[in-house]
There are 2 protein chains.
Amino acid sequence: MTVSPDRPAVAVDDLHAAEEAVREQGLRLTSARRLVLQALFAARGPVSAEEIASGLNGRLTASDLTSVYRNLETLEGVGIVRHFHAGHGPGRYVLEGDREREYLACEVCGRVEAVPPETLDPARKAIASATGYAVRFAHFPIVGRCDDCAVHSG
Amino acid sequence: MTVSPDRPAVAVDDLHAAEEAVREQGLRLTSARRLVLQALFAARGPVSAEEIASGLNGRLTASDLTSVYRNLETLEGVGIVRHFHAGHGPGRYVLEGDREREYLACEVCGRVEAVPPETLDPARKAIASATGYAVRFAHFPIVGRCDDCAVHSG
């Protein structure tokens, strides 16, 4: 289910634009796909396939988990959706927006935060300078302890 | 199979010391456990359960994958072994050494590199300063493109 990070991204601003983009990519806009898109917009942030299938805990219509995974994969294949891995938790899915985001995940409380890439540019430069590695924290986020948990766990 | 990163670490220098440590932790030194320890020393670096079960591609006796996983988990529970997650690949296992290591994984060629923590201290400081997150790259390594792959993939 890995999608190349180099596939073209299709930024969509709202549900209507997302539905148009699905059709423009030559896909049928099935009710299952519409539900997945609706959930991604309603979530207003990274969301797991399980959360989508549950209808975001009852806020939307619940759907079949296998179907959700299949549709997320299809939407990711055409660049409308992408996923990242937040530590041990399930994969998280987001809509392609008009701006790139990188992520931090707290291994204690499970919090996931999105930051604009410029926030992590100093870290990126320090890593490149020390190791030669070029890093984007978009697919594999930084996993650590958030400021709250770092304080309380010493 | 997650083990707390705060469990005590038992550093072992050679196979004999590792076998002693197993007994000191109140575990039986079964032939399956001895094989796992032997493979971890023979590998001289991070190794997957699959590689251990294959006998490191025929260099050692092959064993049952389920048994390898179970014994790795047991050895990790008492602090002799630990694992980390290198991107999409399988978990990698290492013996606890007398020095902490952090890891970098290349998402293109699959290379995994161990570095002493001081190498990543500047990156750690840059991340803390920008986000408040306290990060060790020991359990979830930095995933990016190594210097060779970064050059060739642009």
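A:Asp147 counts as partly exposed because its relative accessibility is 35%, where partly exposed lies between buried, under 20% relative accessible area, and exposed, over 50%, computed with a 1.4 Å probe on protein chains only. The side chain of A:Asp147 meets that of A:Arg111 in a salt bridge at 3.9 Å, N to O, a salt bridge being a side-chain nitrogen of Lys or Arg within 4 Å of a carboxyl oxygen of Asp or Glu. This is a predicted model, in which local features need pLDDT of at least 70 and side-chain atom pairs count only at pLDDT 80 or more, while totals for chains, interfaces and linings use all residues. Residues are numbered from 1 along each chain as its sequence is written, chains are lettered from A and ligands numbered from 1 in the order in which they are written, and side-chain values use heavy atoms, with hydrogens and water left out.

**Salt bridges**

- The bridge of A:Asp147 with A:Arg111 links distant parts of the chain, 36 residues apart, with A:Asp147 in helix α7 (residues 147-153) of chain A and A:Arg111 in the loop between β3 and β4 (112-115) of chain A; helices (H or I, at least four residues) and strands (E, at least two) are DSSP runs, numbered from the N terminus.
- A:Arg111, with a relative accessible area of 29%, is partly exposed, and A:Asp148 is also placed in the partly exposed class, because its relative accessibility is 42%.
- A:Arg111 also forms a salt bridge with A:Asp148, and here the closest N and O atoms are 3.0 Å apart; this pair again links distant parts of the chain, 37 residues apart, with A:Asp148 in helix α7 of chain A.
- A network of salt bridges links A:Arg111, A:Glu113, A:Asp147 and A:Asp148.
- Another salt bridge joins A:Glu96 to A:Arg82, with the closest N and O atoms 3.5 Å apart; A:Glu96 lies in the loop between β2 (91-95) and β3 (102-106) of chain A, and A:Arg82 lies in strand β1 (residues 81-85), 14 residues apart.
- Both A:Glu96 and A:Arg82 are buried.
- Over all chains, the structure holds 22 salt bridges.

**Strands of chain A**

- β1(A) and β2(A) pair in the antiparallel sense over five bridges, where two strands count as paired if DSSP finds at least two bridges between them.
- Within this pairing, A:Val81 stands opposite A:Leu95 in β2(A).
- The two strands β1(A) and β2(A) form a hairpin with five residues between them, and A:Gly87 in the turn has a positive phi of about 60°.
- Of the five residues of β2(A), four are buried, and the strand is mostly covered.
- Three strands of chain A form an open sheet in the order β4-β3-β5, with mixed pairing.
- β4 and β5 (142-144) of chain A stand at the edges of this sheet, each with a single partner strand, so one side of each is left without a neighbour in the sheet.
- From one strand to the next, the twist averages 20°.
- β3(A) and β5(A) pair in the parallel sense over three bridges, and A:Ala105 stands opposite A:Val143 in β5(A).

**Where the two chains' α6 helices meet**

- The axes of helix α6 (residues 117-131) of chain A and helix α6 (residues 117-131) of chain B come within 8 Å and cross at roughly 180°; axes are lines fitted to C-alpha atoms, for helices over the stretch in contact, and angles run from 0 to 180 degrees between N-to-C directions.
- α6(A) is therefore roughly antiparallel to α6(B), a term used for angles over 145 degrees.
- Residues making the contact (heavy atoms within 4.5 Å) include A:Leu120, A:Ala123 and A:Ile127 of α6(A), and B:Leu120, B:Ala123 and B:Ile127 of α6(B).
- By class, the contact of α6(A) with α6(B) has twelve nonpolar, four polar and no charged residues; Ala, Val, Leu, Ile, Met, Phe, Trp, Tyr, Cys and Pro count as nonpolar, Asp, Glu, Lys and Arg as charged, and the others, Gly among them, as polar.

- Most residues other than glycine have a negative phi.
- A:Leu56 has a positive phi of about 50° although it is not a glycine; A:Leu56 belongs to helix α4 (residues 55-58) of chain A and counts as buried, because its relative accessibility is 7%.
- B:Asn57, likewise not a glycine, has a positive phi of about 55°; B:Asn57 is found in helix α4 (residues 55-58) of chain B and counts as exposed, at 72% relative accessibility.

Conventions. Angles under 35 degrees count as roughly parallel, over 145 as roughly antiparallel, 65 to 115 as roughly perpendicular and the rest as oblique.
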